[in-house]
Amino acid sequence: MSANGAVWQRVRSRFRAFPERLAACEAEAVAYGKCVQASTTPGGRLSKDLCAREFEALRSCFVSAAKKSLKGGS
């Protein structure tokens, strides 16, 4: 297999793991989604950093889940 093929194989395996990683952060994803939804309903006003706290919690959870899966943990 060429070097390009090996790289592509690693990338594909990471994409396949995405749903599991996201599922590990369900509570954070729900909180972020609710914040964005509340900001975009009629009368709501989405602006920069409005949901920053929720986004940061989701990002931190996702990074943690990704690190665990790269180390071979579940």
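Trainee: Which residues does Ser-39 touch, not counting those up to four places away in sequence?

Mentor: A contact is a matter of heavy atoms within 4.5 Å. In this predicted model, Ser-39 touches Gly-44, Arg-45, Leu-46, Leu-50 and Cys-51 on that count. Ser-39 itself has its place in helix α2.

Trainee: Is Ser-39 buried or exposed?

Mentor: Buried means under 20% relative accessible area. Ser-39 has 8% relative accessibility, so it counts as buried. Its side chain also has a polar atom 2.8 Å from the backbone oxygen of Cys-35.

Trainee: Where does Leu-46 lie?

Mentor: Leu-46 is in the loop between α2 (26–40) and α3 (52–70). With neighbours within four places in sequence left aside, Leu-46 is in contact with Ser-39 and Thr-40. From Cys-35, Leu-46 is 11 residues away in sequence, and the C-alpha to C-alpha distance is 9.3 Å.

Trainee: How many salt bridges does the structure hold?

Mentor: A salt bridge needs a side-chain nitrogen of Lys or Arg within 4 Å of a carboxyl oxygen of Asp or Glu. The structure holds two. One joins the side chains of Arg-53 and Glu-54, at 3.5 Å from N to O. Arg-53 is exposed, at 67% relative accessible area, whereas Glu-54 counts as buried at 17%.

Trainee: Which side chains meet at 2.8 Å, N to O, in a salt bridge?

Mentor: Those of Glu-56 and Arg-59. These two residues are three apart in helix α3, so about one helical turn separates them. Glu-56 is partly exposed, with a relative accessible area of 35%, and Arg-59 is partly exposed at 40%.

Key
Residues numbered from 1 in each chain as written. Predicted model: local features only at pLDDT ≥ 70, side-chain atom pairs only at ≥ 80, totals over all residues. Heavy atoms only, no water. Helix = DSSP H or I, 4+ residues; strand = E, 2+ residues; numbered from the N terminus. Buried < 20%, exposed > 50% of the residue type's maximum accessible area, 1.4 Å probe, protein only. Polar contact = N/O pair within 3.5 Å; in protein donor to acceptor, adjacent residues only side chain to side chain.
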